[in-house]
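Trainee: Could we go through this structure together? I would like to begin with its pockets.
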Amino acid sequence: EQSEAARHICNLSDDKSVPVWARLLEQNTLPQPAAEVFINDLANRPHALGMPVLAAIADQPSHPQFQQSQNLLEVNYGTPPDGTSWRAWVETKLAEPPKTP
């Protein structure tokens, strides 16, 4: 039921309302079935919105969504250099101009 409720929240959330539940996700205050749904939703939002939240989670080794966040970030940005936090790495990548094909 928790994951179903989270799916409804995601479907009804526009990008402006995402920070409300994203903050709860980052602080690890959501039940895990719901957190998994929200993590997947963030991956489909604009990168400037979702990736900083995933980076904040990836910088918390004790967070239950730690590994999933790292995996999603690695797919999009590669692995940060040694000693670089995910948050700093994502900020750097988001600030880069888009690559033209």
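**The pocket and its surroundings**

Mentor: The residues that line the largest pocket are His47, Asn76, Tyr77, Lys93, Leu94, Glu96, Pro97, Pro98 and Lys99. Please keep in mind that this is a predicted model.

Trainee: What is the volume of the largest pocket?

Mentor: The volume of the largest pocket is about 200 Å³.

Trainee: How does one find empty space in a protein at all?

Mentor: A probe the size of a water molecule is rolled over the atoms, and this shows where empty space is left.

Trainee: Is Leu72 buried or partly exposed?

Mentor: Leu72 has a relative accessibility of 22%, so it counts as partly exposed. The cut-off matters here, because buried means under 20%.

Trainee: Which residues does Leu72 touch, leaving out those up to four places away in sequence?

Mentor: Leu72 touches Ile39, Ala43 and Leu54.

Trainee: Now Ser13, please. Where is Ser13?

Mentor: Ser13 sits in the loop between helix 1 (2-12) and helix 2 (18-26).

Trainee: Is Ser13 buried or exposed?

Mentor: Ser13 is buried, because its relative accessible area is 12%, and buried means under 20%. Beyond residues up to four places away in sequence, Ser13 touches Val18, Trp21 and Arg45.

Trainee: What about the protein as a whole? How many helices and strands are there?

Mentor: The protein has six helices and zero strands. Its radius of gyration is 14 Å, close to the 13 Å that the globule rule gives for 101 residues, so the protein is as compact as a globular protein of that length.

Trainee: What percentage of the residues is buried?

Mentor: Buried residues account for 35% of the 101 residues. The accessible surface comes to about 6,100 Å², and 54% of it belongs to carbon and sulfur atoms.

Trainee: And what share of the contacts joins residues at least 24 apart?

Mentor: Among contacts between residues at least 6 apart in sequence, that share is 57%.

Notes:
Residues are numbered from 1 along each chain as its sequence is written. This is a predicted model: local features need pLDDT of at least 70, side-chain atom pairs count only at pLDDT 80 or more; totals for chains, interfaces and linings use all residues. Side-chain values use heavy atoms; hydrogens and water are left out. On a 1 Å grid over the protein atoms alone, a cavity is a set of points where a 1.4 Å probe fits but cannot get out, and a pocket is an open set with protein on both sides within 12 Å along at least five of seven lines; lining residues have an atom within 4 Å of a point. Grid points are joined across faces, edges and corners, and a volume is the space filled by probe spheres set on the points. Buried means under 20% relative accessible area, exposed over 50%, partly exposed in between (1.4 Å probe, protein chains only). Contact means heavy atoms within 4.5 Å. Helices (H or I, at least four residues) and strands (E, at least two) are DSSP runs, numbered from the N terminus. The radius of gyration is taken over C-alpha atoms; the globule rule is 2.2 Å times the number of residues to the power 0.38. Accessible areas come from the Shrake-Rupley method with a 1.4 Å probe; for residues, only the protein chains shown count as cover.
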